[in-house]
Structures are given as C-alpha cells and as structure tokens.
Amino acid sequence: MNYRKLLIGLLFVTSITALVGFVVADTYPIQKIALQLNKWVLKNPVEKVYLQLDKPYYAAGDDIWFKAYVTIGSQHELTALSGVLNVELIDDRDSVKRHIKLPLVNGLTWGDFALSDTLAEGNYRIRAYTNWMRNAGEDYFFDEPIRIIDAFDKIDAHTTYSYSIQNGRQQVNALISYSNGAGNALANTEVKYTVDFDTKTIIRGKATTDDKGNINISFLAPVGALPLNSGRINTVIKTGKTDFVTKVIPVRAASANIDVQFFPESGTLVNDINSKVAFKAVGADGLGKDIKGTITDSKGNTITSFSSQHLGMGVFNLLPQAGENYTAHITYADGSSNTVALPKPVDKGYVLTINNSDTGKLRIKIISNQQIRDEDPQDTLSLIAQADGEVCYAAKSNPGSASFTASISKKRLPTGVIQFTLFSSKGEPLNERLVFIQNDDQLKLDVKAEKKYGLRQRVNITFDAKNSDAKPVVGSFSVAVTDESKVPQDENSASTILTNLLLTSDIKGYVEQPNYYFIHADEQVRNDLDVLMLTQGYHRFDWRRVLNDNIPEAAYQPEKAFRISGHITTSGGKPIVNGKVTLLTTAGKTFFTDTVTDAKGKFSFNNLSFPDSVKFVIQARTDKNHKNVQIDLDDISPQGSSHNKNAPDFQVNVYDGLSTYVQASKDLVNQQMKYGLAKRTIVLKEVVVKDTRILLKHSANLNGPGNADQVLVGDQIPTGCATIDQCLQGRLFFINFINGVPYSTRGGSLSINVDGVFISPDEFNTLNINDIESIEVLRTGSSYAIYGSQAGKGGIIVITTKRGDDITRDSYKRPAPGIITYSPVGYYKIRTFYSPQYDDPKTNQSIADQRSTIYWNPNIVTDKDGKASFQFFNAGNKGTYRVIIEGIDIDGNIGRQVYRYKVE
C-alpha cells in the first residue's frame, strides 16, 4: 500500500458518507496520522494464522490433522511475507511436547501430530505462528485448546472445588470422586497425594476412599498463586498389590471471587455527557458470571440498575454530574453482594459514542462538554478508523462544533474489528472505541449431496464457491467429516476460520464462546457483540509511538526459508573479515556449501531446505586459514510458552461430556488390535531383552551407527582429564596416544572424524570431553575401508557430540575452536490421511469400522467455475455425519459451511 493510494481512499470514504459537522478529511493532522500509520503498516504488516482441525478433542494414539491458512493485512490475503510456519502441541504446564516446522506456499500448508498412545490425558493446546508474528506477541498467535483422553484408563477422577477464607487466606477444598472403567465407585481404596504449586509441594498425605469413592483434600492456596494455572493435585491410586494408577488434577481456580470491571464508552466518563458504560464480571476460572445491581451517587440515591445480558457482560447509561462519585452495588448469582467504585468522571473532555445496532449503517456521535469548549471555542477534532493498520475512514470536524454526527455505510468498511480513534487538533489521541463490522460478504459454499447414505457406502459431495457478488471463485479449501454421534461439539465455543481471522486474532485476551457471535444473526447477538467490543482492548500498536515516529525495528524477521547466520570473531572479540565459513551435513546425502564473512564478521547461508533431525557442522577459518576463532550463531532462542490466553477453556474434569467419544475410541482400538492393525503400545509385565549391539542415535558412522570395532557411550566415556587424549589413554583397545595423536599398535595414526567432519590431530585435543555423546573406533580394514583415502593408516575414530533433544529449541555445541555442531528444527514430513476404499477387494471388509474422523482432505481447490468435489466411504456406524468445509479464495474472501447427512 502506498501513501498516494491511501489518501485517495480517505477522500473517497469521506465523500460518500453522510456527514453532519464534518469537513473533507484531507487536511492536517489527518495527513500526518495517515502517513505515520502507513509507515507502521509498511514496517509491521499484520500476519494471522488459522488452523482447521479435524475434530475438537482426541484420544492418546489418535492423529491430529490440520490445515493452516496464513493471511496478511485487513483484506486477509494469503501471505507472501513468511515461508515457514511453526506449529506446537503444548500441555497444561506450558511445556512444548511437539514442535514442527512446515513450509508455507502462498500462505498455505498442512500437517499433523501423531499422538503417542502413552501420552498423558489432560488439557493441551495447539499453537501456530510465523517468526514474524513473534514481534506482536503471543496474544496474537493461533492458540486452540484441546482435550486428550486415555480411552483405556482404568480409573476416572471427577473433582469439585469449593472455597472459604481461613485467617485471611484462601482455603481450597477438593472433593475427588473415583470410579472404575464401568462407572462403579472405587470404595475403600488407598490414595496418596501431593498438592504442588509451580515446583513446590505445599502438602502431601494419604487417604482412603469412602463407600462412594470420595476423598477430601483441603489446602491453603499460596499467596499470589495464579488462579488459572496455579497448581496440581497429584494422586496415586492403589489398584492391586503392586499396581498403581496416577491421576493429575489441575487447580484451575484458587478463589471463589468474581472480578467486576466497568468500561465507559470511548474510555472516560465526562460530567454532563450521557454515556454508555459496559461491564464485565469474570470468575476466578476466567469465565463470565451473571450479576445484577444498582448504581448510586455519593448521597446514596439510586441512579440506574443493571444486569448482565451475556456471559457476565452488559451495558447501562449514565449521566455523570460534577462533584459526584458513583458506586455499583452488585448482587451475584449465589445471593452474595459487593460494591465497586465506578471510574471517576472528569470535568472536561469528549465522548465518542457509536451505535452499531442498525444492520446497514454505523452512527457516530462526538460530544464535548461546556468546559472544554470554553477553553478553545475554535478547536477541531479528527476521527480515524483503521483495521490491521490500514485506514478505512477519516473525517475532521468544523471549528467550534459542540457535537457532531456521522452515518457510515457498513459496506464501506471491512468485516472485522475496526478501531475508531478521536484526535485533537495537535494530533494527540483522545478517545478510542472498537466496533465489529459484520457484513454478509463471506464466501457462499453451496454443498450438494444425498441426505441419507448406508453403512460403508461411497459418498460423493460437490460444492460451489461464490463471493458476495455471486461470482465463482478459485480458492483453497479443507474438509473434515466426523461422526457427530461420537464427536459432539458445542457450536457456540467452536473456533472457526471466521471467529479467528475476523475476531479473536485482532484483540488481546480471552473471548468466551466466539462462534456464538457468528452462528446467530439477530439483534440480540449484535448487541452482545458490541458489548464485547466495549470491554476488550486493541493493543497491536501504541498511537503515541506511531505518531512520534518511534517505531522500533522488528526483533524477528520473516522466514522465507531456513537460514543459518552468525558471525565469527577472534578470541578477543574482534570481527574476522573475509573469513571462510563452511556448512556441512552427512545426513541422508552429503551437503556442503561455504561463504565468506563481511566487514563485520557476519555470514549467512540462505534458502536452505532440510528435513527434521539433521545435524549441521559449521567450520570457520580466518583468511589465512587460522582456526582459533569463535563462531556465534544469531539468536536461535525458541518462542516461550508461559502464557495461555485460552486457559479458561481448560477443563478440571477432562472426561466431562466425552463419554461417547471415550467408548468410540475403545471400540476403535479393540478392532485394530483384533486384526493386528493397532499402533498402540502393549506394556508387558516383565520382559527382559538383551542385545550385544549398542544403538547410537546421531552417529555419522558410514558403516551405520554402532557398527564399529569398539564403542564408548554415556558413562563409559571418562571425564575430568586435562585433555581428551589423557581421558582415552588405555580406554581404547590397541590404541596409544603420542603427543595427543592416536596411533594403532599395529602401526599408523588414526584420522579423527567429528560429526561427519575430519579434523586435524591438534584440533582433536581441543575437544571438550563433556560434549561427547559417543566414540566409535574403526581400526580394522573392513570397518574403515568405506572411507577410502580419508582414513588414516591405523583407521578412524568417529566422535559424535551431544545434541539437544529438547524439541522446543534449536541447539548447538562447540566441540572445538572454529567448529560448532548445530541441530535446528527442520521441515516436518507431511503424512497422508488414510481412508478405506470399500470398493477395493483388498480392503478387509470384516473389520468393524469404528472411525470418528471419517474423512480429512486439506487440499481441495475449486476450478474457474468455483466447483470442487470429493469422495470417501462412510464408516460402519449409523448416525449423523457432519461435514465442515472451510477455505479462502485468491482475493482473501473466507468462508465456512457445515453440512450434515444421515447414515442408516
């Protein structure tokens, strides 16, 4: 977007709206504000990520399938800025369990997580982001909570919390009810437990369940404990003489208190100006709570009453008077009460009020009180509306106007969150108001299929995609088909391409039941959505920093492809100019490239593409081939995972509402095991397996890991010596070290190979013994013949350095000066969803098909006529099957369609 185009757009929108008290918006300070905002957009284009998942919850051993859509700007065009997407599976302790990277092609990609069947049950979340998005912060990442259950768990634990105050501190009481897989109470059973907050155990104990399978655990919550991620109750249930089952129960709320906040429209109550005041009541669990009450003045007179209209939110009108303070008298659902002071009114100022109840127009009114008009009778104001940093409306008031109004056609504004900001004549931001525009401009997906099908019958589905002008579109779509009788879902709470790209990705904080605002289209829902806008905040940028040209440089750059960069210096820290840097890996096939450093000692290897679990060796030398140099890579620190904005969606009782899915998962695995198709790990009571081979994980031995005349690994490698040759002297068979050089007792020196790179003998003794994972000795002709002339006369010592196996981070080691080994996260190998073909005679027809995800296809593209089709076979169960199609066209129009059919 260029500035000339921006100004033309400003003149256009102001010229076509019906304005009262406004003039054409092409004068100061609007020009400056628009220019500065344009600068911000050019430096900080807004990327968003949405993932369509095949279903909302899973069982250990399942596959999570997803399609990613990455857009840029307010028009949601598919991004060309980033070429790499990070996707993570994170548990309820904010620990990253899986981290994969996927290549983005025109903003699209897809992948999966294969869940281990030993994965612990609990609350998890799927997080996705580009490296560029890290500049805006975690609040704007895609972050979707999911539940993962263990279908073969022998014990269910259901917990109910209650709270009280003891000596001024919060007393938490947990009633835990245990039952077996058949739903029968686990009576007279021994349970050991601890209560942990962060890494500290505050209590531990032992109890026996009563005849209803219950135990009670009470404890004082630590001072300052976070209410939504504050602790865990770890219980160990004795189920046999030597058998135990562990249940970990999250402490999701450490208080029964309800927080109530009041939000005057546009930010401030101004005396003598009637204002809307929104409020939001949130429990310690992060969810909205119903309240009601009255507003009184300082004399105790009742001014108005209020009550929440949706999820603890509501709105009322108030005309504040000079010299008065106002108090809210609140009554909660349980009958208890409290008082909260409203924000103190100011004596002078403006109120920006917007009426969004009309389906076709947005009505704006700006009012000032007498005090501020007396200060500057000829003052002017400017109003700017922007979406994702792009101006979509601008206007300026006539000098000295006491109040003024505007009526804007919603069709002139993009669908989504719009930020209206009122500026003074000096260009200072005064008031802010968020509005959600809900135009009917999404893609229309017309699905055609039969309404009834038989078991295992082929299903043929076609759909037409058209834009809001009823013209066919070329677009990319993904489809998930599930058995709704096994996988029911609360539609109000669903995360969709519409809720994410239009709403939750643009505002900070948690949005409860986001799809409620999209699946219903009546006046009440529009009012509820407007109240949500009054209580949420927009924080993508700070106006004052933008206007003062104080726009910081981005800390994270867009990843077009993989890049390895850094700098080399002398031991004293001086940059090395024209130093030679080589990059090598022997994984799969040998890859080698080199470059030279610039005037600041910097180097980079660009446009790399490699699979996951590849180890690189980076070697640097000066221009005179001196090797005593320091290599430092650019920041490779991983994204932290300490913040979960959707923590209120985490469930204390993971199995609540999932009984049909649990049973369906059991049936599926039983059938797979019956026919030998199960991936599930079978844990045997007592199995001893002995093997004389030593298996090495990361060896570059060309004979194959562990195929050597001698192997040292782990605690077999001695440490604590001054040099590595001293540590290994006498440990390697038929090898002596003379002046640090290894010689075979049969004659001849041995070559040294570190992570696939041959090094000189003097470099060998600079290795840090603590960085070595394994040592393989190839001293017979048959073992080192594969290396040809690179082998010494006495053979080869193959050294493998340790690598970080923590999936949350890239890691690198320094085995010697001038050499580092680097293990970045590479591209994940994308798998294909398996769907049985019942018209193929090779398909086993005797298996009871218990699938819950019937079909998944992330790559459906409509043709020039907007048409596409797909086929699959039903499973072996009767019920209602749900088809969800989501996607985007080449112009950034998005769409979603849900279609259901019967299987009988």
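**The mixed sheet**

Modeller: Five strands make up an open sheet, ordered β4-β11-β10-β7-β8, with mixed pairing. Strands here are DSSP runs of E, at least two residues, and helices are runs of H or I, at least four residues, both numbered from the N terminus; two strands pair if DSSP finds at least two bridges between them. At the edges sit β4 (57–59) and β8 (96–103), each pairing on one side only. This is a predicted model, where local features need pLDDT of at least 70, side-chain atom pairs count only at pLDDT 80 or more, and totals for chains, interfaces and linings use all residues. Residues are numbered from 1 along each chain as its sequence is written, and side-chain values use heavy atoms, leaving out hydrogens and water.

Start with β4: it runs parallel to β11 (residues 142–149) over 3 bridges, and tyrosine 57 has arginine 147 as its bridge partner there.

Now go to β7 (residues 84–91), where you'll find asparagine 86. Asparagine 86 counts as buried because its relative accessibility is 3% (buried means under 20% relative accessible area, exposed over 50%, partly exposed in between, with a 1.4 Å probe and protein chains only). Its side chain makes polar contacts with the side chains of histidine 99, at 3.1 Å, and lysine 101, at 2.8 Å. A polar contact is a pair of N or O atoms within 3.5 Å; within protein, one must be able to donate a hydrogen and the other to accept it, and residues adjacent in sequence count only if both atoms are side-chain atoms.
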